[in-house]
Amino acid sequence: MLYVSTRNAQEKVTASQAVLKGLAENGGLFVPEQIPVLDVPVEKLADMTYQETAYEVMKLFLTDYTEEELQKCIENAYDSKFDTKEIAPLVKAQDAYYLELFHGSTIAFKDMALSILPHLLITAARKNQVSNDIVILTATSGDTGKAALAGFADVEGTKIVVFYPKDGVSPIQQKQMVTQKGKNTLVVGIDGNFDQAQTGVKQMFSDQALAEEMAAAGYQFSSANSINIGRLVPQIVYYVYAYAKMVKSGEIENGELINVVVPTGNFGNILAAFYAKNMGLPIGKLICASNENKVLYDFFTTGTYDKNREFILTTSPSMDILISSNLERLIYRIAGNNAEKNQQLMKSLQETGSYTITEDMRQQLETFYGNFASEAETAAVIQNIYQEAGYIIDTHTAVAAAVYKKYQKETGDTAKTVIASTASPYKFTRSVMTAIDAKYDSKPDFELVDELSQLSNVKVPQAIEDIRTAPILHKTVCKVEEMEKVVKDFL
Ligand SMILES: *Cc1c(COP(=O)(O)O)cnc(C)c1O
């Protein structure tokens, strides 16, 4: 299988080359030429471990990796870094199934892909005779950064630079990043928001002169953001896994349609669910949940994507995004896999901040339902689920839960529904605890951690224990214009 750029039909590469490059030339994203069909029957998947399922799904996309290479990557990724053998357990609360994607080392769903990406990347470098050091440049809204740092720290032949919005992440997210060990890591706070960080990183990727300068010094850039196909493919796995487990436990019949709700920022996680559906997994609606930065909700309801609006800092910071990069992969597809048409729309986005799709394209979005949750609705649903079911969810997952309730009310749809639970509540302890009861707001962070443990009956994760006393190792702060200089100084 080859991968083609969403902006240039001529640019085709193998899977391992797509993983290595991260981004296609002139800002395009790599997409598989066609979506493969899931060729293992669900009855068989039902008895497989997470690792076995991962192999069955990923081998269909990463066709130039040998069985041995891929198995090795999977084995190294989904091991005891996860605090449960199931890797991604399903928990039923009220009338939804929460697919807990936060059992990895940084307690957010980014671990699901970022624990394997370094292995895919190093294998790709070896396969393609790359001798340069790979420099991972990453913009983060909070969770990608730490998960990428954890994945790449001290990995031979790589360096990693993470840019995060200095005032746009939770205190625990920040502490997790700035305490990162590893000589090959650099963490930088920028005076700006996530979109500015992401745009700055994308600019460095597409700067030809900079690439030449880097090559002369023995470096080449790659990306750990969800624009890298090596992030997207591992995310398809858990939808397949969850479906098979629901069949196994008798929650659904084989073939029964389920809905999937995804709290969405950069559109990576929900795109993975869309790919799973296109592989043949029986998914009905894909419910796209936004916070108050509801650019995607507006897009699904009007057909116009418009980022010209106020950027709102919310209690679900990993979804505080106005430019959802991976939406481009969907746009390309509903434009009939037409790179030229997609390119025009992306040019319009770059120049005017907006674009409008055609009626014909809109009709292909029927699978999607978009809505959003306000800050008050998000807090209320955390409290409600805790009180009714004794289950505590994080703020991002709560956005999804709140949107699911709206969807049910609006449509009366009773299909079984999986909610992607993207972070541990411990990552956003203050917001979660004050949603349950305002009295908690006066207490210090780590006291709240212990209170959360009592309320939820869930042990404090190692990731949180680790930062209680860890020293701060990264203090670099820069302006958006200085990002390139910071990278060069580090290298
Ligand atoms: C990154 C992230 C999201 C958004 O995922 P996308 O793939 O960017 O849409 C949602 N919740 C959490 C906790 C995240 O870290």
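Is Phe-267 buried or exposed? At 1% relative accessibility, Phe-267 counts as buried; buried means under 20% relative accessible area, exposed over 50% and partly exposed in between, with a 1.4 Å probe and protein chains only.

The model is predicted, so local features need pLDDT of at least 70 and side-chain atom pairs count only at pLDDT 80 or more, while totals for chains, interfaces and linings use all residues. Residues are numbered from 1 along each chain as its sequence is written, and side-chain values use heavy atoms, with hydrogens and water left out.

**Stop 1**

Keep Phe-267 selected. Phe-267 belongs to the loop between strand E10 (258-263) and H12; helices (H or I, at least four residues) and strands (E, at least two) are DSSP runs, numbered from the N terminus. Its phi is positive, about 70°, although Phe-267 is not a glycine. Most residues other than glycine have a negative phi.

Now show the ligand. A backbone N or O atom of Phe-267 lies 3.1 Å from a ligand oxygen atom. Around the ligand there are 15 residues, of which Lys-110, Asp-143, Gly-265, Asn-266 and Thr-422 come nearest; a residue is counted here if one of its heavy atoms lies within 4 Å of the molecule. Select Lys-110: an N or O atom in its side chain is 2.6 Å from an oxygen atom of the ligand. For Asp-143, a polar side-chain atom lies 2.5 Å from an oxygen atom of the ligand.

**Stop 2: Ser-318**

Select Ser-318, in the loop between strand E12 (304-306) and H14. Ser-318 is buried, with a relative accessible area of 8%. Leaving aside neighbours within four places in sequence, Ser-318 is in contact (heavy atoms within 4.5 Å) with Ser-141, Asp-143, Gln-173, Gly-265, His-396 and Phe-428. The side chains of Ser-318 and Gln-173 make a polar contact at 3.2 Å. A polar contact is a pair of N or O atoms within 3.5 Å; within protein, one must be able to donate a hydrogen and the other to accept it, and residues adjacent in sequence count only if both atoms are side-chain atoms.

**Stop 3: H12 against H14**

Display helix H12 (residues 268-278) and helix H14 (residues 327-334), whose axes come within 10 Å and cross at roughly 40°. Axes are lines fitted to C-alpha atoms, for helices over the stretch in contact, and angles run from 0 to 180 degrees between N-to-C directions. On the H12 side, select Leu-271, Phe-274, Tyr-275 and Asn-278, which meet Arg-329, Leu-330 and Arg-333 in H14. These residues divide into four nonpolar, one polar and two charged.

**Stop 4: H20**

Which helices do the buried residues of H20 pack against? They pack against helix H19 (429-436) and helix H21 (462-468). To see them, select Leu-448, Val-449, Glu-451, Leu-452, Ser-453 and Ser-456. Just after H20, Asn-457 takes a positive phi of about 60°.

**Stop 5**

Ile-87 is in the loop between helix H4 (67-77) and strand E4 (90-93). Ile-87 has a positive phi of about 65° although it is not a glycine, and with a relative accessible area of 2% Ile-87 is buried.

Finish at Lys-44, in helix H2 (residues 42-45). Lys-44 is exposed, with a relative accessible area of 52%.

Terms used
Nonpolar A, V, L, I, M, F, W, Y, C, P; charged D, E, K, R; others polar.
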